[in-house]
Amino acid sequence: MKSTRREMEKRSEIGSAIEELSMMVIVKPGEKHDSAHIPTKPFVSVCYLVLQVLDKIGPTMAVLRQDVYQNIKTLELMHESNTSVNSNLVEILKSEAKEGNARKGSSCSKALVWLTRTLDFTSSLLQTLAKDPEKRMEQVVEEAYELTLKPWHGWISSAAFRVALRLVPESKTFVNILRTDEENYDTLKEKMQMLVSLFVPFLEDIHGILRLYNLDKMKST
C-alpha cells in the first residue's frame, strides 16, 4: 500500500490524466443515438485531475474553481446515487432532456457542458505552453480563456476573470510546479503535448454529443 501511495505521489497530475484518458472509451452515437456512451466515473476522475492542474495557477483560478468543483460534485453525486443506472453520462442527459430539466438548476446536463468547456480551456492552455514556454503566463491564460470560456460567460464572470489575471504566476514558475522531482522540462513538455493529443478527439466526441441534445450553446446567466 505504501509503495502504491509513493507511486501516486511521484506521478504528476498531467501523467495521471494521460493514464485516465488513455483508458477511457467514448462511444459516439449511432443513427438512433442509442449507443452513445461517456463513462461517468472516469470522466469525473479526469475533471478532478484537471482541477488540481488549475489550482496550480493560483488565486486566478478561484474565479472558476468553485463552479468547477460544484459541477464535478453534481456528476459524482448523481453517479453515486445509482452507480449502475448512472454509469453513462449520455443516459443522464437523455433522462434530463425527457423530463425537461436539462437547463434547470444544478442539472447534470449543465455540469457536463461547463466541465467540458473547462477541459477545453485546460487543453488550450497546455497546448500554448508546450509550444511557447517563454510566453507570458498571463497571456497564455487570457488567450485560452478568450477562446474557450469567454464566449459563454456573462459580463460579471468575464470582468472577474480579467481582474484575477493579474495574479497569475510566471510561466516558468507554473511549469516548475507542474513537474515532479524526476521530470525535466522536456519530459513535461512531451507529457503536455501527449495530454493535448488525447484531449482533442475526446472533447470533439463530447461536443458532438452535447450538440445532439442542444446543449452546446448554453450560456451562463
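UniProt positions follow the numbering used here, feature names are shortened, and annotations may be inferred rather than shown by experiment.

This is a predicted model, in which local features need pLDDT of at least 70, side-chain atom pairs count only at pLDDT 80 or more, and totals for chains, interfaces and linings use all residues. Residues are numbered from 1 along each chain as its sequence is written, and side-chain values use heavy atoms, with hydrogens and water left out.

**View 1. The annotated domain, residues 38-178.** An unreviewed UniProt entry places the feature "domain: Glycolipid transfer protein" on this span. Helices (H or I, at least four residues) and strands (E, at least two) are DSSP runs, numbered from the N terminus.

**View 2. Packing of helix α3 against helix α4.** Two packed helices are described by the angle between their axes and the distance between the axes. Helix α3 covers residues 40-55, and helix α4 covers residues 62-81. They pack at an angle of about 160°, with axes 10 Å apart. Therefore α3 is roughly antiparallel to α4. Axes are lines fitted to C-alpha atoms, for helices over the stretch in contact, and angles run from 0 to 180 degrees between N-to-C directions. Angles over 145 degrees count as roughly antiparallel, under 35 as roughly parallel, 65 to 115 as roughly perpendicular and the rest as oblique. The crossing of α3 and α4 is left-handed: the near helix is turned anticlockwise from the far one by less than a right angle.

**View 3. Residues at the contact of α3 with α4.** Contact means heavy atoms within 4.5 Å. From α3, the residues include Phe43, Val44, Tyr48 and Leu51. Among their partners in α4 are Val68, Tyr69, Ile72 and Leu75. The residues of this contact divide into 9 nonpolar, 2 polar and 5 charged. Ala, Val, Leu, Ile, Met, Phe, Trp, Tyr, Cys and Pro count as nonpolar, Asp, Glu, Lys and Arg as charged, and the others, Gly among them, as polar.

**View 4. Thr74 in helix α4.** Thr74 is buried, with a relative accessible area of 18%. Buried means under 20%, exposed over 50%, and partly exposed in between (1.4 Å probe, protein chains only). Beyond its neighbours within four places in sequence, Thr74 contacts Ser106, Ser107, Cys108 and Ala111.

**View 5. Gln193 in helix α10.** This helix spans residues 185-212. Gln193 counts as partly exposed, at 39% relative accessibility. Gln193 and Ser123 are 70 residues apart along the chain, yet their C-alpha atoms are separated by 9.3 Å.
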